Each structure stands twice: as C-alpha cells, then as structure tokens.
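Trainee: Could you walk me through this one? I am new to it, so please take it slowly.

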Amino acid sequence: EYEAPSGKALFKKNGLGMGAFVGLNLSEYVGIEAGYTQFHKKKNEFLEVENIPGGPVTVTASQITNLTLKQHNIYGDIMGYMPMTDEIKLIGSVGVGLLSGRYHDSYSNSLLVNNVLIRSSTDNFKKTSRKAGIRAGLGAQVAITENIGTRLIARYQKGNKIVKNMTSVGL
C-alpha cells in the first residue's frame, strides 16, 4: 500500500476487476484454463499545503500530486475437480500468472511569498513491473448445463515490485 508524505493511504487495498477465461476439461477430474484479468484503474489526487507565518511575510508551500495505478494479469492454471454431486464440484487450481503493474506519480511544487509565486517545479515518476508468480486457488463449481457452469473461487498470486501479492475472489 502506498502512502503520502502525510501518512495517508493513497489507494484502497480492494478494488474491482474484470476478466475472461477459456478452459478445457481433460477428464472428469483435471482441466486447464487460461485467462486475462484487468483490474480497476486507481486514481488519487491530493493537495498538501503548509503556511509558514513570518510576521509581515506569509510563506505558503504546496504540493499537488496525481497518482495512477494500472494492473492486469495473464495466467494459465491446471484445474482439479472433486465431484460432490452430479452438479456440484469442489475445485482447486495451481498455475502461473504474469502480473503487470504501472504506477505513475506526477506532482508540482509551489512556493509563494505574500501570495506571489516565487518558485514552481513539476516532476514525473513512472514505475512498471512485470513478474511471473505462482497462483493457487480453491472454490466450488455448479453445472448449469453439461458445458456451462458457474463458480466461486478464491485465488492467491505472488506479486511484483508494485503489487506485492494478490488475493482475489471471483464469480
């Protein structure tokens, strides 16, 4: 989790994502799956202002920061199925995901004396990270037809330099 100089959290830990996957059952107990997940783009802007009293002179220092975090994941899993009934199966998965993240921080600093701009500067910082990580998941699947089903699965994946690790629940 990223923090501002004031200690305030810049982004919430939780967010929505959307994905698509395709799979193939190799047998009643084993399958393979490949997918892509796009996570909700997170943005935050904050302003920090400090007024420094100095008798007849008022000094104001300010910093405006705009932050953006984008993430997506491409993965391949081996799926294991344990039939409980004809329609319900417990499922487990293990695989590898390529988690990509991009963090962009742009900020501008201003120094004003008696509301007159004395100095201003702007800077940008970008960081991109891609890393393959091990994934594991557990859940349950309900068959709607012979070829279509719905599932609830919780997964964990080792992250990268931007996102340390990822835990997700999907439907």
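Mentor: Let us begin with charged side chains: E33, D77, R135, R151 and R155 are linked in a network of salt bridges, a salt bridge being a side-chain nitrogen of Lys or Arg within 4 Å of a carboxyl oxygen of Asp or Glu. Please keep in mind that this is a predicted model, where local features need pLDDT of at least 70 and side-chain atom pairs count only at pLDDT 80 or more, while totals for chains, interfaces and linings use all residues. Residues are numbered from 1 along each chain as its sequence is written, and side-chain values use heavy atoms, with hydrogens and water left out.

Trainee: How many salt bridges does the structure hold?

Mentor: The structure holds four of them.

Trainee: What does R151 meet in a salt bridge?

Mentor: The side chain of R151 meets that of E33, at 2.9 Å from N to O. R151 lies in strand β7 (residues 149-158) and E33 in strand β2, so this pair ties together parts that are 118 residues apart in sequence. Strands here are DSSP runs of E with at least two residues, numbered from the N terminus.

Trainee: And which residue has its closest N and O atoms 3.2 Å from those of E33?

Mentor: That is R155, which also forms a salt bridge with E33; R155 is in strand β7, so the pair ties together parts 122 residues apart in sequence.

Trainee: Is E33 buried or exposed?

Mentor: E33 has a relative accessible area of 5%, so it is buried, where buried means under 20% relative accessible area, exposed over 50% and partly exposed in between, using a 1.4 Å probe and protein chains only. R155 counts as buried too, at 10% relative accessibility.

Trainee: What about R135, which residue does it bridge to?

Mentor: R135 forms a salt bridge with D77, their closest N and O atoms being 3.1 Å apart. R135 lies in strand β6 (residues 116-143) and D77 in strand β4 (residues 57-83), so the pair ties together parts that are 58 residues apart in sequence. Both R135 and D77 are buried.

Trainee: How many bridges join strand β1 to β2?

Mentor: Nine bridges join β1 (residues 17-25) to β2, and the two run antiparallel; strands pair if DSSP finds at least two bridges between them. A hairpin through four residues joins β1 to β2, and G23 stands opposite E33.
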